[in-house]
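Student: I would like a close look at one part of this model. Please take me through it, then move on to its surroundings.

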Amino acid sequence: MAKKKFYITTAIAYPNGRPHMGHALEIIQADALARLYKLFGEDVVFQTGTDEHGMKNWQTAEKEGLSVQDFLDKNVKVFVDLYKILNINYDNFIRTTDKNVHYKGANALWKKLVESGDLYKKKYKGLYCVGCESFKTEKELVDGKCPNHPTREIQVVEEENYFFKLSKYSKKIIEVIKKDEYKVVPETRKNEILSFLKGAKDISFSRPKSSLSWGIPVPDDEDHVMYVWCDALSNYITGAGYGNNEKRLKELWPADIHVIGKDILRFHAAFWPAMLMSAGVGLPKELFVHGFLQLSGMKMGKSTGNVVDPFAQVEKYGIDPFRFYILGAMPIDSDGDYNEEAVIERINNELVANLANFCYRVLSFTNKNLDSRISTIDENKVIDEIKPKFDSVKEQFEKRDFKQAIAEIMEVSALGNRYFQEKEPWKLFKEDEEKAREVLGTCVNIVKCLSILVNPIMPEFSSEIQKQIGVKDLKWKDLDFSLSDCKIGKAKILIKKLENIEIEKVFPLNLKVAQIVKAEEHPEADKLVVLQLDLGEEKRQIVAGIKKNYSVDELVGKKIVVVTNLKPAKLRGIESNGMLLAAVHKDDAIVLEVKDAKPGTQVGFPEYENNTAQIKIDDFAKVKMKVENERAVYDHLVLKAGDEEVIAKGAKDGSKVS
RNA sequence: AGCGGGGUAGGGCAGUCAGGAGUGCCCGUCGGGCUCAUAACCCGAAGGUCGGUAGUUCAAAUCUACCCCCCGCUACCA
């Protein structure tokens, strides 16, 4: 029998829109693992793909005026393009709309579950929200309404669906997860799923064709379509040959690692193993669950045009540095942070200054002063210090802690830098060339080892360094100091320090100075006042909730700050076209004012661009501005109208500005 | 509100599960060294009541209980 291959997968992406940073994160992590196990000498098969059924895809396609298939083809291509740009070395790309491979496999799996007696039909009566297109539980409702669509009525809908006996398997699954036969990494996720499994109920496994037409038909029952579990999760085995290529399946399955995000833990650590058990298929060995990337400083979302686009980021920072940052940004058991200032900092001060510079420094020195030749190396202290690091790096990789693995690698090059400094070869080579050759021999070997260690993270950099040394395709077992009496190639700078990079910072609000020309009490409300404003070029009417704090008379003539890009709304029947800014602390509200600035003057922060796109009230609520010293402060910057600081007179420090 | 994450030096983090002198990393600041290298590298210093209170203990950043504060998600969520 052929040797078992090392099979690693990512979750399949839902190609309903463009790929975002999260997709980049997951595929980079999986790719790094795939490369790691190749270094270890495994025969790796790496699969990714797309999850193409479901109402959302269907609807979005319709909205764009395309046939579903055209829509999907178009979107999937963008994912494939991204993976190419990211230097992702996958072997198989599975699409759930693939009739030859996937449909066959999914059908085979369904039939197996039927044979095991684990699928049964049940009438399901549920509370259905048309807005969400999904069933809600009693608990999720707020005052009997869907929290996301409070204006719509919840309908009681009765459907007949197939159900899968998850409950039958929950005990067994708890066992295998506890024993690490199905290893859930990290620990926190393992605990989480174990507590979920205790109360696991059977799951709905199909949808009537009438409510979900875009999916795989249930075998022998035309009225039903498979729900996402059998349709999507099954990709891991169908792509490996289940139901379509038994020989291949034997080589690949069980999967060695599934890489997924924390949001789909339940499906992979509970539903999926239960399905496999029911079908009599072995379980995957490991489930590696990553957190999310928080896009700090720019988390305003789509409406403000502030989405971080992985394509643009790679373009800006380069593939390897981007991979380096992404992998280094994720703590093993919590969310990571992506912000461009940190990206630049880490690339410049760690990647370039420490590691890349060490490589160049060593190789170019050897080129220039030693005729590119190194000799045998002495037994020496630095080697003893470095050798144990190889195991530490491996250990961290095996824990899937890329962040720590990178930290360990950086220590190797830091040790190299220190050694170079101590030995002062730039002096030594003038007095004792042979001695200098030994020192550089040691250094070149360190560079060689670094090129191996760093390979899963930065494949391009790794192979380029090896090229410069004159070696190729080194594996983990080549981590040694055996390179001697040889000539190296020409040194080149591979990763440059980033300078003059512009980080586009957008302040989500478009603020202007407005003078109150008229103020009246709102006839229908006891908290609101209606203000007529002069904004220089234009007039506006806004409604503000400050009746308790100000009389209408004292408001007239004030020059205040108004949000001008807010979607207009009617408040108790009167249209409000904007919102004034005030410092709010409990029941106090103090209006932000300016003295000299003319009506219509742009208000903002010179460091930020002002967003002009219209935003919704929820987006506005996300803007964190606070009072410090009677000034409005955002990101440590003081809000200004031209040169003039905007004042909230008498406002307490820490008051929210809203 | 529910769920999740967090509060450790001026900023950003690791350390906490298996308690043992505040140990460490990156940036910033200050001082020194080096000049091979991408103004990179090396050495050193200043800077902390480890969110609070109470407890367990010979010993608590770490364990227990209670409390306070921040953030994220319910949405393009991998």
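Student: Which exposed residues are carried by the face of α3 turned away from its buried side?

Tutor: K77 and K84. This is a predicted model, in which local features need pLDDT of at least 70, side-chain atom pairs count only at pLDDT 80 or more, and totals for chains, interfaces and linings use all residues. Residues are numbered from 1 along each chain as its sequence is written, chains are lettered from A and ligands numbered from 1 in the order written, and side-chain values use heavy atoms, without hydrogens or water.

Start with the helix itself. Helices are DSSP runs of H or I with at least four residues, strands are E runs of at least two, and both are numbered from the N terminus. α3 covers residues 68-85, and its 18 residues should span 26 Å at 1.5 Å a residue. The expected span is 1.5 Å times one less than the number of residues. The end C-alpha atoms of α3 are 26 Å apart, which agrees.

Now its buried side. V68, F71, L72, N75, V76, V78, F79, L82 and Y83 are buried in α3. Buried means under 20% relative accessible area and exposed over 50%, with partly exposed in between (1.4 Å probe, protein chains only). The buried residues of α3 fall within an arc of 145° seen down the axis, so they line one face. That arc is taken from the directions from the helix axis to the C-beta atoms. An α-helix has 3.6 residues a turn, so residues three or four places apart point the same way.

Next, RNA strand B. α13 gives the most, eleven residues.

A polar backbone atom of H23 is 3.3 Å from a base nitrogen of RNA strand B. A backbone N or O atom of A353 lies 3.4 Å from a sugar or linking oxygen. A side-chain N or O atom of K368 is 3.4 Å from a phosphate oxygen.

How values were computed: A polar contact is a pair of N or O atoms within 3.5 Å; within protein, one must be able to donate a hydrogen and the other to accept it, and residues adjacent in sequence count only if both atoms are side-chain atoms.
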